[in-house]
Structure formats: structure tokens, C-alpha cells
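Here are my notes on this one, point by point. Have the model open while you read.

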Amino acid sequence: MLVKLIRTTIIASAIIVTGMAQAASVKIGFVTTLTTPAGVIGEDMKNSVELALQHIGNKMGNLDVELIMEDDGFKPDVGKQKTDKLVKQDDVDFVAGYIWSHVLLASARSVLDADKFLISANAGPSQMAGSRCHKNFFSTSWQNDQTPMAMGEYLNQIGVKSIYIMSPNYAAGKDMANGVENTFKGEVKGKDLTKWGADAQLDFSAELAKAKASGAEAIFVFYPGKAGGAFIKQYQQAGLQGVMPLYTVFTVDSIALPKLQAAGLTGVLGSKNTQEWSPDMDNAANKRFVGDYLKKYGKYPSFYGAQAYDSIMLIKSAVEATAGNLKDKDALRKALMAADFDSVRGRYTYGNNHMPIQNFYLREVVEDSEGRWTTKIVSTVYKNHQDPHAKDCKM
Amino acid sequence: MDWNLLISQLMNGLQLGLLLFLLASGLTLIFGIMDFINLSHGSFYMIGAYFCGTIVAYTGSFLLGVLLGLAGVFVVGALVEWFIARKLYRADHLDHVLVTFGLILIFDTLVHILWGASGMAIPLPDVLNGQIILGNLVLPTYRLLIIFAGLMVAAILYLLVSKTRLGMLIRAGASNRTMVEALGININRLFLIVFALGAAMAGLAGMLIAPITEASIGMGNDIIIVAFVVVIIGGIGSVKGAFYAAMMLGLIDTLSRSYLDVLLGLTMPVEYAETAAPALSAMLIYILMAAVLAFRPQGLFPPAGMK
């Protein structure tokens with residue numbers, strides 16, 4: 001009898017203790033790429049998440065934040081394993097991050113089937129915006145098609161008649177190519193989808209020779225991370241600069257620019273790209289983010305970092321709006337949907353598919369007052385733009 | 001038919017082939033002579049790129065970077081042979097694979113600790129960043145330099161292997177190692193030189209490619225697989241075989257990347273061809289390897305006396 005009583009007491013107190021521990025913190029799992037050459041992107045996101053936590057004093061409302069970072073190794077299968085671990089073993093409340101569309105597509109179900117919230121801080125595959133949209137999936141980035149659509153629109157505006165498209169052969173690469181083809185009214189003279197993944201193709205000599213022979217007026221590329229720097233070097237070495245102007249999305253960013261500068265590739269100065277954010281955006285949240293990032297890490301943050309920073313702020317806004325009651329999923333979802341926080345890109349709203357409805361800007365590569373290469377907003381291409389897949393989402 | 005395009009693509013294929021040859025020639029000698037499977041051969045490729053990049057960053061001279069970098073990789077190769085590989089020659093192939101796979105991890109992590117995760121760009125002198133114009137043909141100067149350097153090394157290696165005493169021993173070692181040992185040759189010294197030489201050539205390949213793609217962690221691990229394919233197609237231990245096989249793979253890879261989508265587009269809808277072509281062109285070299293293994297398992301140009 002006594003033994004039984006003691007046992008019950010121990011179990012009961014254990015339940016109370018773990019229950020209390022759960023209530024005292026909000027657990028966020030963050031999946032990004034920390035190894036392989038793409039690790040530089042993950043590093044930028046990690047830096048930004050850590051800066052965000054520093055800015056909010058590691059607290060959301062009266063709850064402490066417990067962050068668990070995981071490395072997807074640039075592989076969908078590893079990403080899914082890490083996501084499963086976060087959901088099942090760590091029992092996190094939110095899973096955020098994801099640079100790569102194919103990793104997100106492989107991992108999404110693990111989070112959503114467990115009735116947890118999934119916040120993409122970068123990847124925006126068309127599937128998640130359309131047929132596979134989900135009530136617990138939110139994005140602090142964009143849908144893949146949107147940024148290249150803005151670029152296609154800009155190319156129309158300046159009267160470019162024909163382009164050549166180059167992009168990696170994976171989910172996002174195809175979305176990007178479709179995006180620009182969707183809005184560009186001129187002729188697409190040719191298209192190359194190159195090998196992607198941990199052993200991605202980095203020597204583009206054959207494709208550049210084809211692009212040149214195609215006689216297209218301009219070249220449009222999407223090469224995120226390290227491939228971007230490699231592409232721009234080869235573009236300049238092939239003598240295409242001045243012959244075929246370069247228009248990019250997610251290629252010339254704060255990660256590629258310092259290296260391009262170190263290699264002395266001045267050809268990239270003045271080149272144009274489209275994006276929903278830029279380090280020079282003039283709002284209080286962005287000034288604080290970019291200013292402190294520069295101070296802490298000695299370089300500009302990239303859009304990956306900006307979106308990762310926003311993902312933490314979005315979660316914070318929802319946790320605070322529900323007074324830290326993480327059990328009430330409906331209230332949390334409603335609060336996330338409101339996007340009631342100061343995004344570094346300025347305020348935005350969510351569409352029916354939980355993708356941001358936001359502005360897209362034309363950015364130019366310039367030298368800042370201290371001689372560092374960065375991007376500056378030139379004009380607004382789209383105001384409050386919604387992605388084209390929202391109509392396929394049944395929410 | 002656009003002849004200018006075809007010529008530039010042939011040059012691109014040649015360039016890729018020569019880089020593969022630099023990697024594969026060392027690999028095939030180490031494999032053929034010492035019967036040692038060196039998965040970490042790609043690490044020398046990476047180390048070469050980082051050594052060269054670091055020296056260029058300090059001295060500003062690309063030439064100096066390549067020369068000192070070569071010496072550096074030679075030393076690293078010699079140390080690996082001396083302290084690690086030497087103890088394993090008599091062990092099983094599986095042991096070679098395990099140890100050299102471990103070496104890959106060690107080298108990758110060391111590079112991460114020393115140089116960070118972000119990779120390293122290697123600036124080129126302006127003259128190399130330009131183009132050479134022949135009529136309507138515009139060729140990047142640097143790519144021509146790679147071709148020139150690759151052909152030079154191939155020629156030197158040919159003379160070394162076919163005309164010198166060292167080369168004779170190397171050929172003898174590749175054909176019948178036991179006999180060379182039995183004849184009283186200091187096999188340890190021969191192995192040391194071959195290993196370090198192979199490492200230096202892999203390092204040179206890394207140095208040459210890095211100004212195009214930049215030096216990064218694990219850069220050798222992707223290309224080493226293709227280098228093994230070259231070794232198998234060419235015949236294990238055969239430098240001549242490695243040369244022809246590398247040229248063949250370089251051309252197949254480049255030409256399929258440039259023309260396969262057009263060819264496939266003739267037989268299927270364009271949107272399928274666009275997706276299928278890159279996948280198929282990535283597979284072609286492995287299909288070729290499978291065919292070689294099926295019909296001529298000793299490779300296309302096996303060393304004399306090897307059956």
C-alpha cells in the first residue's frame with residue numbers, strides 16, 4: 001500500500017514537474033543547412049535567429065525561448081529525419097527555417113501531421129502555396145514564383161525582347177523559371193536546368209556558350225548560395241558582360257557580394273535583381289536588425305537572415321497575443337494569420353494560403369559609404385502582390 | 001549548325017577532361033601500383049585550392065600561389081603516405097576505404113576550422129579574366145590556360161613515365177609489384193614519390209578550378225567519384241588510359257549538357273526534354289562505365305602485362 005502510494009506520488013509529481021517545464025518555455029526547432037558549402041546560408045540564418053533572440057531577451061511574453069537548431073545537410077532525406085526528431089523527440093511547438101524547397105516538401109508532413117506549426121523562413125514551393133496548403137503552414141518569405149515574376153515584369157518595362165534562362169534542376173529552380181516565363185512577354189530563346197544538390201554543377205561553361213550562341217538579348221539566372229558567385233565569375237570570364245546583361249533572383253545577395261568583391265568582379269556592380277527586402281529599407285525594425293547585425297558579425301545580413309529574423313518575430317507576436325497559451329492552437333493560428341509584428345520588410349498580410357501578400361522591389365548592386373558592396377532599392381515593381389498558386393489552395 | 005558553338009563546347013569538354021586527368025592520373029597510379037584505394041584523393045584537390053587561395057591572398061601573385069601550393073600539397077601527400085597509407089598497403093581494400101573515408105572527414109573538418117565554412121574566392125590577374133578573340137570565336141583566357149597547363153602536365157607525365165628510370169619502375173610496379181620488390185628496388189621510396197606526385201597533381205587540378213568555382217569544403221568529394229570512373233574506364237594503373245578516358249568523359253559530359261536537350265526535344269515534348277536532359281547527361285558517364293565493365297572489365301587501356 002505504502003509502496004503504491006509513493007509510486008503514485010512520484011509519477012504525479014513527475015507529471016506536474018514536466019508540465020510546468022513545458023508551460024515555462026516555448027520550444028522552437030529551426031532546420032537549416034549548416035554543413036556543405038551551402039552552410040554559409042545557414043550560418044546567416046543562424047546569426048539572424050540568435051540576434052532576434054538577443055533583441056527579445058530570449059523571451060516571448062513570460063515564456064523563455066528554447067531554440068533547437070538542426071542541420072539538413074542540403075538533403076531532403078536528412079531534413080526529414082531532423083524534422084521528425086524535432087517533432088517526436090524534442091516535442092517542439094514550432095518548426096521554422098528551411099532554405100530549400102525540396103527539403104521543405106519532404107519534411108512538411110512530419111510537422112503538419114503532428115498538429116504543430118511550420119514556418120518557412122525561405123523555401124516557397126508552389127505545392128505548399130497551392131494544392132498542399134495547410135492551416136498550420138505559414139511563410140515569412142515568398143512563394144518561389146513571385147520574385148522572378150517581378151523580374152519578368154521589370155524586363156517588360158525596360159523593353160527587353162528576348163532572354164536566356166538558367167536555373168538549377170530542382171523544385172525551386174523550376175518554379176523560378178516558370179515565374180519569369182509567366183510574366184515576361186518577350187521570347188525565351190533557351191533554357192538550361194543544371195544539376196543541383198550536394199554535388200551541384202558549378203562549371204557553367206557549356207551553358208554559357210549556348211546562351212551566347214542563342215542570340216538572346218539578356219540572361220536571367222537563379223543560382224542561390226555558392227553557385228551564384230561561381231556563375232558570375234564565369235559570366236564575366238566568358239566576356240558576356242556588356243553583351244548580355246545579367247538579371248538575377250536570389251543570386252546576388254549579401255552572401256555572394258563580399259566574395260565577388262574579394263575576387264574583384266566589378267561587373268556585378270550596377271546589376272539588377274528583385275527581392276521583397278533589402279538591407280537599406282528605411283524602417284525602425286530593419287535599421288535595428290541590419291545595424292546590430294553589422295555590429296555583431298561585421299557584414300551585411302542577407303534576405304535569408306531577414307526572413308529568419310522575421311520568423312522569430314512572427315512566432316513571438318502569436319505567443320504574446322495568446323498570452324503564452326500554446327495549447328490553444330486555434331488562437332495561435334489566428335494570431336499568426338494576423339501577422340501583427342514589425343517585419344523588417346515593413347508590414348505585410350497573409351493570403352488564404354498563408355503566403356505573404358507583399359511588395360517586390362527592384363534592387364541594384366552598389367558600393368556603400370564604407371566601400372562594401374551591397375544592394376539598394378531602386379523602385380517598387382509589385383505592390384501587395386499575391387502569388388499565382390493561391391487560387392489552387394482550398395482554404 | 002553553329003560551328004563556333006561546337007568549337008567552344010569542344011574546348012570546354014577538353015578543359016573538363018584535362019582537369020579530370022590531373023585527378024585521375026594520380027589516383028590510377030596509387031590504385032594500380034600500391035593496390036591502395038584512396039578515397040581521400042579528392043581532399044588533396046581541396047587542399048590545393050585552399051593553399052593556393054591563401055598564398056594568393058597574402059602575396060597577390062597567382063603564379064606564386066600555384067607553385068608554393070604545389071609544394072605544399074606534395075608535402076601533405078608525402079606525410080599522408082608516410083604516416084597512414086604505408087601501414088595499410090597489406091591490409092584489405094575495405095580497410096583502405098574506411099581509413100581514407102575517415103581522412104576525408106578529418107581534412108574537411110580541418111579546413112572548416114582553419115578557413116571557415118564560407119569558401120574562398122581566388123582572384124585572378126586581369127589578363128586572365130579576359131577573353132581571346134579568334135574571328136567570331138570568343139574564348140575565356142583562363143580556360144585556355146587550364147587547357148595549356150593540363151596538356152603540359154600530361155606531356156611531362158608522359159615523358160616521366162615512358163622515358164625515365166622512375167617511370168620504368170612505375171610501369172613495372174603497375175604491372176607486377178611483387179617482381180619489382182623481388183628485384184631489390186626500394187619500393188617504399190617509389191611509393192612515397194608516386195603518392196606525393198599524385199597528390200600534387202590533384203592539388204593542381206583544385207588550384208586551377210578554384211578561380212572559376214571558388215574553393216569550398218568537400219569540393220573534392222564530388223569530383224572524386226568521376227575520377228574513379230575515369231580510372232575504371234581507362235584501366236587501373238594506366239596513365240595513358242586515364243588520359244583517354246578523362247578526355248572522353250569531359251567531352252561526353254560537356255556535349256551532352258549542350259546538345260542533349262535539343263536531341264531529346266525531337267522525340268518528346270520540350271518541357272519533358274528540359275527536365276530529362278540534365279538528368280540523363282549526368283547519368284551518361286556511368287552508363288559508359290557500366291558498358292566498359294560489362295564488355296571489357298580490365299578497362300580500355302590496361303597497363304602492359306595486366307590481365
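1. A convention to start with: two strands pair if DSSP finds at least two bridges between them. Helices (H or I, at least four residues) and strands (E, at least two) are DSSP runs, numbered from the N terminus. With that in hand, look at β13 (residues 356–367) and β14 (residues 373–385) of chain A, which pair in the antiparallel sense over nine bridges. Tyr361(A) faces Thr380(A) of β14(A). The hairpin of β13(A) and β14(A) has five residues between the strands, and Gly371(A) there has a positive phi near 85 degrees.

2. Some housekeeping. This is a predicted model, in which local features need pLDDT of at least 70, side-chain atom pairs count only at pLDDT 80 or more, and totals for chains, interfaces and linings use all residues. Residues are numbered from 1 along each chain as its sequence is written, while chains are lettered from A and ligands numbered from 1 in the order in which they are written.

3. On confidence: the predictor gives the complex an ipTM of 0.80 and a pTM of 0.83. For chain B the mean pLDDT (the predictor's confidence in each residue, from 0 to 100) is 89, with 99% of residues at 70 or more.

4. Now the open sheet of chain A. Six strands run in the order β2-β3-β1-β4-β5-β6, with mixed pairing. β2 (59–60) and β6 (137–139) of chain A are the edge strands, each pairing on one side only. Inside the sheet, β1 (residues 25–32) of chain A runs parallel to β3 (residues 63–71) of chain A, joined by eight bridges, and Gly29(A) has Ile68(A) as its bridge partner in β3(A). β1(A) also pairs with β4(A), again in the parallel sense, over four bridges; here Phe30(A) is partnered by Ala96(A). Ala96(A) in turn has Ile119(A) of β5(A) as a bridge partner, where β4 (residues 94–97) and β5 (residues 117–120) of chain A pair in the parallel sense over four bridges.

5. How covered is β1(A)? Mostly: seven of its eight residues are buried. A residue counts as buried if 20 or more other C-beta atoms lie within 10 Å of its own, exposed if 12 or fewer, and partly exposed in between, with C-beta atoms placed from the backbone.

6. Chain A splits into domain 1 (2–142 + 282–347) and domain 2 (146–275 + 360–392), with bounds that come from an automatic or database domain assignment. Taken over C-alpha atoms, the two domain centres are 29 Å apart. Their contact takes 23 residues from domain 1 and 20 residues from domain 2, a contact being C-beta atoms, placed from the backbone, within 7 Å. On the domain 1 side, α2, α4 (101–112) and α5 (126–129) of chain A are the elements that give two or more residues.

7. The interface between the chains takes 32 residues from chain A and 33 residues from chain B. On the chain A side, the elements giving two or more residues are α2 (39–55), β8 (187–194), α8 (205–214), α9 (226–237) and α10 (256–262) of chain A. α9(A) gives the most, with seven residues.

8. One of those elements deserves a second look. Eight of the ten residues of α8(A) are buried, so this helix is largely enclosed by the rest of the structure. Among the buried ones are Glu207(A), Lys210(A) and Lys212(A). Gly215(A) follows α8(A), with a positive phi near 75 degrees.

9. The largest nonpolar core has 216 residues, and Ile219(A), Leu20(B), Leu23(B), Ala227(B) and Val230(B) touch the most other members. (A nonpolar core is a set of buried Ala, Val, Leu, Ile, Met, Phe, Trp, Tyr and Cys residues joined through C-beta atoms within 7 Å.) Its largest share, 17 residues, comes from helix α9 (residues 187–213) of chain B. Both domains of chain A give residues to this core, so it lies between them. Beyond its neighbours within four places in sequence, Leu20(B) is in contact with residues including Val226(B), Ala246(B) and Leu249(B).

Key
Two residues are in contact if their C-beta atoms, placed from the backbone, lie within 7 Å.
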